[in-house]
Amino acid sequence: MRSVQENSVGSGKGYACRKLTVGMTANDTRDHELGSLMSAAQRGDGAAYKRLLETITPRIKQIVRRQRGFAGLAEVDDLVQEVLLSVHAVRATYDASRPFVPWVLAIVRNRLADGARRYARTSAREVTFEHEEDVTFFSDETNEQTAELGDARALREAVEALPAGQREAIELLKLEELSLKEASERSGTSVGALKVATHRAIETLRRTLGTKTR
Amino acid sequence: MNTDRLIERLATNLEPVKPLRAPAKRAGWFVLAAVAYVAVLIALLARPGLASRGADLAVLAPQLAALAASLLAANAAFASVVPGRSVSALIWGALGVAAWIAAFVAASLAPASQHAAVLAARHEGWCVAVILVGAAPLLAALGALLRRGAPLRPRAAAAFGAISIASLTNAAACVWAAHADRLSELIWHGAAILVLLIGCVLAAPFVLRWRASSGSGLTA
């Protein structure tokens, strides 16, 4: 039986791996239990999968924070979510006869490396802008300090004025951010009809709010 | 979207998946199918003297090395898309490929007097076609199989995959027709394999990438 520590260290860049395993040792995470949860998830057990993700997320967050100390909270959350999505996308690659932790750590390490590359690329193109006044545009007449509040109110009224079907589509898909499948199940409307209703609602809102820009 | 909500959504939309087989098993089945395909290819393109070339140890020995290299390289390619696998499969793959290249080069060494025949050997163009065109369906199949894994090292996976396939289609080209001389075989076949390898490595990041999470409506 291979130990988790041995496997994770042997599977690649030793130093990085040892650092990553600090928050995820065999005893801490009960590797066998996590492996069982993942096996159940592969069979389609949503409850086991939820438990698994809830167990590993704080540890992934810890690793991400340690590796990307300079990152803000939002960026750490983005990276954690990226890792979770990656775990979800490749869950078929988990082999129940092998330890779980090295498997998930390899994904974390890969996604962190991708994130670092992306950060290096974007930061190289970014220009820091330090503004002294809280303005959006140079000219005074184009700076509407209450634009956000006014727009929000107008938008709310415009949404309330929409026909029932269009309003429901907008509320489910855009405000509650449900997927098409979820919104379809909740509203009892087909996915196609939801798409049409959303498209029409957006057109109506554009007209109502007088925003012709696309 | 916050992380709790993401977890909720992933768990709610969870669909059962069939775990991938061990890389060695996947590699074994793939190479078996590829050998069957190459055998059919040779039979379809059969030219006079095939039987005698097949029995010639000088022709056969590098092809046996190619078969072993193909198996080890395919194993390395499949192992490279499974998170948490040790790098030993990649090392074995590299050793297998090195051994095959050594056998191929050693078999291709010929006297300097034959160098002039290299460019005159017209049928080498057909060998290149057999290597490249013959490899296309295998590459498509291997790409589809590798995409089921995690694209942790896309370029390494593509390189090993390309070598695994090129070694077999090269074997087909070597057995298929006698060459003007061994050096021409080395140059033309080697160039075709190199083109295949470079093409695959360049295309790898576009083909082997983190895919959309099935059923979640989200992307990784």
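**Notebook: the A–B contact and one buried glutamine**

I started with the contact, which takes 41 residues from chain A and 39 residues from chain B. A reminder to myself: this is a predicted model.

Next I looked up the area. Chain A and chain B bury about 3400 Å² between them, and carbon and sulfur atoms account for 58% of it.

Then I turned to the charged pairs. I found three salt bridges between chain A and chain B. I wrote down the pair E182(A) and R9(B), a salt bridge whose closest N and O atoms are 3.8 Å apart. For polar contacts across the interface of chain A and chain B, my tally is nine residue pairs, with both residues at pLDDT 80 or more.

Which helices of chain A each supply at least two residues of the side that touches chain B? My list has helix 1 (4–10), helix 4 (31–42), helix 5 (46–67), helix 6 (73–89) and helix 7 (100–125). Helix 6 of chain A gives the largest share of that side, eight residues. Sorting the side of chain A that touches chain B by class, I get 15 nonpolar, 13 polar and 13 charged residues.

I placed Q63(B) in helix 4 of chain B, residues 57–79. Is Q63(B) buried or exposed? Its relative accessibility is 11%, so I count Q63(B) as buried, the cut-off being under 20%. Leaving aside residues up to four places away in sequence, I see Q63(B) touching A171(B), C174(B) and V175(B).

Definitions and conventions. Residues numbered from 1 in each chain as written. Chains lettered and ligands numbered in written order. Predicted model: local features only at pLDDT ≥ 70, side-chain atom pairs only at ≥ 80, totals over all residues. Heavy atoms only, no water. Contact = heavy atoms within 4.5 Å. Buried area = accessible area lost by both parts, 1.4 Å probe. Salt bridge = Lys/Arg side-chain N within 4 Å of Asp/Glu carboxyl O. Polar contact = N/O pair within 3.5 Å; in protein donor to acceptor, adjacent residues only side chain to side chain. Helix = DSSP H or I, 4+ residues; strand = E, 2+ residues; numbered from the N terminus. Nonpolar A, V, L, I, M, F, W, Y, C, P; charged D, E, K, R; others polar. Buried < 20%, exposed > 50% of the residue type's maximum accessible area, 1.4 Å probe, protein only.
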